[in-house]
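Reader: I have a model open and want to learn to read its side-chain features. Please show me the rule first, then the case.

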Amino acid sequence: MIVQDHPSTKSSKPRNTLNLKASKRIPLFSETKNLDFSTWASDNAFKLFIITVLTLTVAAYFFFFHNSIASANPLFCSQNSQFLHKPQKLKIPKPNFNSVRPILDKSSPYSSFHSEQWIVVSVSDYPSNPLQNLVKIKGWQVLAVGNSRTPKDWSLRGAIYLSLDQQADLGFRVVDFLPYDSYVRKSVGYLFAIQHGARRIFDADDRGEVIGGDLGKQFDLDLDSAVVKQQRILQYSDGSSNRSVVNPYVHFGQRSVWPRGLPLQSVGEVGHEEFYSEVSGGKQYIQQGISNGLPDVDSLFYATRKVGSEAFDIRFDELAPKVASSAGIMVPLNSFNTLFHYDAFWALMLPVSVSTMASDVLRGYWGQRLLWEIGGYVVVYPPTIHRQDRTESFPFIEERDLHVNVGRLVKFLIDWRSEKETLFEKIIELSYSMEQEGFWNENDVKFTVSWLEDLIAVGYQHPGLMEVEMHRRDTDTGVADRKEFVPRKLPSVHLGVEESGTVNYEIGNLIRWRRNLGDVVLIMFVSGPVQQTALEWRLLYGRIFKTVVILSTQADADLAVVEGEMDRIYKYLPKLFNRFNDTRGFLFLHDNTILNYWSLLQADMSKLWIANKVPISRPVVDGKDSTWFAKQADMVKRVVSTMPAHLQVNYKESNPSQQSLALCGSEVFYIPQQFVSDFVDLVDLVGDFDIHHKIAVPMFFMAMDLPQNFDPVLNSMIYKANTVPTSSFSLYSAQVPAVYPLNISSESDFVRLVELMAAGDPLLMELF
């Protein structure tokens, strides 16, 4: 999905250089030679040797070039590549950890140095002011890990610096997998710190100032102390929402900000918790801090919420209590404000086969799932650092995999189970399973094995397993055990406006819409430029619906776009129905139709919806003539004749005149779960018949139920049958359930659309 663009992890120094110099000028035409082969070969032996060497060199170059390309495929999802041979399926590794030999530090000047508390940072430039202040924190040793962009003369008094050459000399297996120019080289730093006595590692960057200059006041450092073990920590409760990931920024007063790695469909969940449960302290092995100033946000937030070139200075509630995740509920984690305790050191591994912007997020979700296996959990803390916004643009291309696949990843991890008997065996099994699912490639499976072997080699001892209790439901939490906390609503200065007193009303509306449509899958066909609009459509509608599935004329694996054909779109729906068979229903929407979801609250979710009473005429079907309609009618008649009794009776009662052909607006329609099996059967009956979507769908609806039983919600939509879709917004109204036709093909179109839709949903202005 996202290709991490970095040099090969292997050195590419030339071994031999041929320096060919002409000893004399060769005449343009030479005298006639003897054509005897042996004589010719003898006379030209040196030339033949040179040509042979050059030929083999070129052949070897292309061989290694193509193999390096094959090993550097986009990694967050599967790619379809054409090879001359079928690649062998990766087998799950079975390393012998008992044979791992210790690795001692014999190369660095710090071989005898030990410290229990380390701050590990990646450095690409000369020491920043925040980094110089990190060195001053008492009781902590700063370890700076260099890369290919780090100045050769880098140094900072009080910090240990590992250059590329020093990293290579340490003898760690993981070095062979690490890119030269990336912060993921911090993996070497983690191992070095563990080798030198680490019990706590603060994963940081060179932009964060620790608030108060004392990590001990921000995090829980001594998990064995009676004070920590006796504390009761608020914990996210699954309740009845069946959610699997939460936005912790809401808890700390900024409901309109979302962290990098949060699935887009969760961005709209801005209401505070109905209640929390509690958990005893002592097992918060991973502690995530909140960052004031520039928090960990994604490129969508950064690009759409800034006011000109003004730097972000977002503040969170420093008085809000810390909050813990629970087995079955995850939070996004990062690599610049996170404290790891000894029992979670194995979770420091940064994947190497995904983009840099995805690596720490992927690590966080992967690590959280495995953390449950040892009875641990993540705790999110009030602001611990202040991070300055340098007003640099975020690399959106580096995040596409997060926006497209992170929801699928979280679901996969929640559902994953293992019967392995040790933590390291489970880690290998999960890493292998993630490769099989396309979340990373086999390099990360091999990297995982090397990482675990290096951990053993530096003396790390992993914790034991505990029984996992997934998804504690609200029915399991007694009323007396429920704890309430209402977050403060801090000023959203990053919006460029002050919040009004209608906020609670707007949040309440969003909750009602989500409650009504949150278990409905939106299937959307995008005729326009899908590369420019897919993520915007997901952001717009994903906060309301369970998920948004996008189809287009061409599939796009990077954007999770499924291939489809609008004229025959109904034939693609059964596969999607089967994929989401646990949902309440399916709403289909063409991108030339704008859906005002706030107008759907009164609709009956158990009934069929279609715009069967809006004005329509035959010319809407691509200007087809009467001959074409006659052929369509004949195919419809044949399909009807093969319908089972209950469907055929419905159709004939809905359409008494067997000579007429039913047409109605099919750009938007809804199918509840109880009608899905009938719809699938009807698609099967159509078979190879080339029936147009605008004729097939009305036929299906009349066969599934009588029109008088349809919910009329869509009949009041604006529907201009003979109007060519344009970007003119004069047709739009927020007072109707839907508007057709309206063309959205660019970011500026979306901005204008959102401004208009905000009349029905004011919170949209906080998303774009």
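Author: Start with charges over rings. A charge sits over a ring if NZ of Lys or CZ of Arg is within 6 Å of the ring centre and within 35 degrees of the ring normal. Here, the charged end of Arg387 sits over the ring of Phe336, 3.8 Å from its centre. Arg199 has its charged end over the ring of Tyr342, 4.0 Å from the centre.

Reader: What should I know about the model itself?

Author: This is a predicted model: local features need pLDDT of at least 70, side-chain atom pairs count only at pLDDT 80 or more, and totals for chains, interfaces and linings use all residues. Residues are numbered from 1 along each chain as its sequence is written, and side-chain values use heavy atoms, with hydrogens and water left out.

Reader: How do I read a pair of aromatic rings?

Author: A pair of aromatic rings is described by the distance of the centres and the angle of the planes. Rings of Phe, Tyr and Trp (its six-membered ring) pair if their centres lie within 6.5 Å; planes under 30 degrees apart count as stacked, over 60 as edge-to-face and the rest as tilted. The count by this rule is 35 aromatic pairs. One of them is tilted: Tyr236 and Tyr276, 6.0 Å centre to centre, with 40 degrees between the planes.

Reader: Which strands hold Tyr236 and Tyr276?

Author: Tyr236 is in strand β6 (residues 232-236) and Tyr276 in strand β7 (residues 276-280), so the pair ties together parts that are 40 residues apart in sequence. Helices (H or I, at least four residues) and strands (E, at least two) are DSSP runs, numbered from the N terminus.

Reader: Are Tyr236 and Tyr276 buried or exposed?

Author: Buried means under 20% relative accessible area, exposed over 50%, partly exposed in between (1.4 Å probe, protein chains only). Tyr236 and Tyr276 are both buried. Now take Trp609 and Tyr670: their ring centres are 4.5 Å apart and their planes at 40 degrees, so this pair is tilted. Trp609 lies in strand β17 (residues 609-611) and Tyr670 in strand β18 (residues 665-672), 61 residues apart. Trp609 and Tyr670 are buried too. Rings also group: Trp513, Trp537, Tyr541, Phe545, Tyr597, Trp598 and Phe750 form one aromatic cluster.

Reader: How many salt bridges are there?

Author: Side chains of opposite charge can pair when their charged atoms come close. A salt bridge is a side-chain nitrogen of Lys or Arg within 4 Å of a carboxyl oxygen of Asp or Glu. The count by this rule is 24 salt bridges. In one of them, Asp454 meets Arg173 at 2.9 Å, N to O. Asp454 lies in helix α12 (residues 442-457) and Arg173 in the loop between α4 (164-169) and α5 (186-195), so the pair ties together parts that are 281 residues apart in sequence.

Reader: Why does Asp454 count as buried?

Author: Asp454 counts as buried because its relative accessibility is 0%. Arg173, at 26%, counts as partly exposed.

Reader: Show me a salt bridge inside a helix.

Author: Lys411 and Asp415 form one, 3.0 Å from N to O. Both lie in helix α10 (residues 400-415), four residues apart, about one turn of the helix. Lys411 is exposed at 55% relative accessibility, while Asp415 is partly exposed at 47%.

Reader: What does Ser552 contact?

Author: Contact means heavy atoms within 4.5 Å. Leaving aside neighbours within four places in sequence, Ser552 touches Phe525, Val526, Val530, Val561, Val562, Glu563 and Gly564. Ser552 lies in strand β13 (residues 547-552) and is buried, at 4% relative accessible area.
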